[in-house]
Amino acid sequence: MDIELLTNILYATIRTGTPLILVALGEMVCEKSGVLNLGQEGMMLMGAVVGFMAAITTGNLYVAVLVSIFAGMFMASLFGFLSISLVSNQVATGLALTIFGGGLSAFLGASYVGVGIDGIQPLNIPLLSDIPVIGKILFQQDPLVYLSFALFALVYWVFKSTRLGLNIRAVGENPEAANATGINVHGIRYLCVIFGGAMAGLAGGYLSLAYTPLWSEGMTAGKGWIALSLVVFASWKAERIMLGAYLFGAASIMHLILQGTRFEVAPNLLAMLPYVATIFVLVLLSSNHAKTKLNTPMSLGVPYRPQL
Amino acid sequence: MKFVKTLFTASALAAAITGCSDTSVEDAPAAAQVAPSDAVKVGFVYVSPTGDAGWTHSHDQARKYVESQLGDKVETTYVESVPEGADAERVIQNMASNGHNLIFTTSFGYMNPTLKVAKKFPNVKFEHASGYKQADNMGSYFARPYQARYLSGLIAGSMTKSDVIGYVAAFPIPEVVRGINAFTKGVQEVNPNAKVKVVWVSTWFDPAKEREAAETLILQNADILTQHTDSAAVIQTAEAKGIYAIGYHSDMSEYGKKAHLTSAVHNWGPLYLEKVKAVMEGNWKKENLWIGIAEGATDLAPISDAVPADVKALVAKKKAALKAGTMRVFDGPVKDQSGAVKVAKDSTMSDGDLSGFNWYVEGVAGKLPKS
């Protein structure tokens with residue numbers, strides 16, 4: 001395989017993995033605090049449509065990205081209010097959020113179907129982008145991809161070496177104990193849920209503003225669900241989410257690239273490749289049962305009622 | 001309109017919830033006979049949202065066309081995003097029992113539900129798109145978009161410089177293969193050196209995947225792209241990369257002002273108008289229609305100015321010939337990939353052969369996967 005083709009594959013891999021990383025990191029933070037939010041797809045779609053509408057109305061793509069983030073945060077706070085303050089069932093509320101977001105985004109975006117925008121263009125980072133191979137793969141992407149690198153670093157750092165990270169984990173493991181030590185359980189959970197919403201909204205904005213700059217109903221095509229399973233398979237570790245998402249991206253590119261070559265495999269079998277490869281690698285990584293259990297937030301999906 | 005639709009959806013939902021779909025059977029045909037004031041009521045069942053710029057969009061444009069032509073003599077309702085299967089039967093049945101005189105069901109998977117409901121409501125007329133079953137009060141119809149594909153192939157073959165044309169396709173079923181072959185036939189006719197490369201994405205709709213497939217084809221030297229999927233991502237990718245593209249389903253020029261050469265489009269308006277008029281005049285009869293350029297059901301979107309005048313003239317000439325019936329797209333000799341003659345000179349492919357197309361014509365690169 002020649003070097004240029006490989007470069008192009010890796011370049012596309014980063015781009016394909018980016019929306020998954022954003023959503024999965026957000027959901028990971030959310031689950032670390034003990035809240036399972038199945039509404040990723042709905043929040044992404046809202047982020048995508050509202051961002052797209054903002055791009056057309058204001059003409060400023062960066063304002064549009066911010067609007068996407070706010071749309072996700074708004075949806076997440078709805079979910080947070082129901083599942084944290086009103087202690088509703090998280091699974092049911094999350095599913096409702098997905099259905100609600102899907103419907104509402106279709107309604108809002110109805111008159112924006114068929115409109116084209118230029119989208120966020122790649123931004124070459126000076127000097128770094130001139131490095132052969134690596135420069136093209138990592139530093140000639142669009143700004144939202146760089147943002148995903150930064151957000152990964154942020155999440156990784158928070159859980160590795162900050163008190164906030166510890167507090168989030170405490171709330172996710174044992175909210176009663178956390179409460180007893182003076183941590184505001186509901187406060188932390190709201191923070192994490194809304195952060196998750198911001199990330200999902202950003203991922204939606206990435207799709208409708210940078211990746212495929214258009215609005216089309218249901219344009220996330222199940223990426224929110226893939227991200228949700230990625231979190232579990234990556235056993236709630238940011239670095240594994242990054243790995244899994246890029247692996248998934250690479251496999252989805254390969255499925256298309258292999259078709260033009262001498263490998264004559266049925267395309268429907270190749271279409272399974274991303275799922276099979278990602279599950280295989282992440283299952284292998286998390287095959288140590290005891291360790292996996294240790295990583296799973298103990299109170300995941302369990303609502304917390306403060307003892308009065 | 002929106003209000004009617006809302007009401008309708010609500011009643012469909014109510015029927016679903018209370019499970020009254022069985023009890024309404026006996027009194028429903030009676031309801032259908034009660035002529036609604038004086039307007040003809042026409043219902044449409046869509047498989048996806050009307051705004052998808054694709055298949056359903058083309059049917060909804062036709063619905064609006066019928067309304068604009070007949071004014072208050074017709075009343076149309078539609079239900080969108082109806083899943084194929086049991087839900088479809090409930091929605092169609094509800095429409096029939098609501099006093100609709102004519103119902104268009106516009107997805108292949110509605111065939112059996114439509115047939116079932118048609119048997120229960122002999123006084124209501126049904127028209128089903130893309131299927132093969134009929135009844136006394138149920139006709140079927142489909143278009144021949146492959147004819148427009150062929151014409152767009154002439155344009156692509158003339159415009160390519162790298163002699164590689166990329167085709168993003170959904171699933172290897174006869175309908176899609178027919179389109180690829182017709183397109184390739186057009187390409188080869190004007191440029192025997194050009195190859196058509198196909199990438200299968202295994203989905204009808206996933207903008208991200210369609211974009212990556214388009215980029216893959218560009219990596220393999222394609223300088224013109226076309227697609228048989230539902231989003232406009234391929235056109236957008238071509239625009240971003242500064243190459244040309246040809247759209248499908250509806251005019252996609254909005255997505256690529258420079259890239260868009262033309263689109264192969266559906267135009268159901270004239271057919272629907274004719275059918276509605278037939279019901280109004282009481283001379284509707286069941287038919288199994290496969291209509292194309294001659295009937296105006298298939299067409300090309302306006303061709304871009306980037307296309308030279310002589311190519312436009314050639315397309316116009318071939319279009320006129322297809323229209324007049326003096327030529328067909330798969331008139332022999334048609335060779336397969338190995339160069340063997342599959343359709344002899346002076347003969348053509350029958351509609352039966354066309355519906356079961358499962359081989360590539362000469363000029364398509366790569367092997368056709370088994371569907």
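Me: In this predicted model, is helix 2 of chain A mostly covered or mostly exposed, and how many of its 19 residues are buried?

Reply: Burial is judged by counting neighbours: a residue is buried if 20 or more other C-beta atoms lie within 10 Å of its own. Helix 2 of chain A is mostly covered, with 16 of its 19 residues buried.

Me: What does the span of helix 2 of chain A show against the value expected at 1.5 Å a residue?

Reply: An α-helix has 3.6 residues a turn, so residues three or four places apart point the same way. Helix 2 of chain A, residues 40-58, reaches 26 Å from its first C-alpha to its last, and this is close to the expected 27 Å. Just after this helix, A:Gly59 takes a positive phi of about 75°.

Me: How many residues of chain A and of chain B are in contact, and which elements of chain A contribute?

Reply: The size of an interface is often given as the accessible area lost when the parts come together. Here the description is by residue contacts: 30 residues of chain A are in contact with 30 residues of chain B. On the chain A side, two or more residues each come from helix 1 (3-32), helix 9 (185-211), helix 11 (238-257) and helix 12 (267-270). By class, that side has 18 nonpolar, 10 polar and two charged residues.

Notes
Residues numbered from 1 in each chain as written. Chains lettered and ligands numbered in written order. Predicted model: local features only at pLDDT ≥ 70, side-chain atom pairs only at ≥ 80, totals over all residues. Contact = placed C-beta atoms within 7 Å. Helix = DSSP H or I, 4+ residues; strand = E, 2+ residues; numbered from the N terminus. Nonpolar A, V, L, I, M, F, W, Y, C, P; charged D, E, K, R; others polar. Expected span 1.5 Å × (residues − 1). Buried ≥ 20, exposed ≤ 12 C-beta atoms within 10 Å, placed from the backbone.
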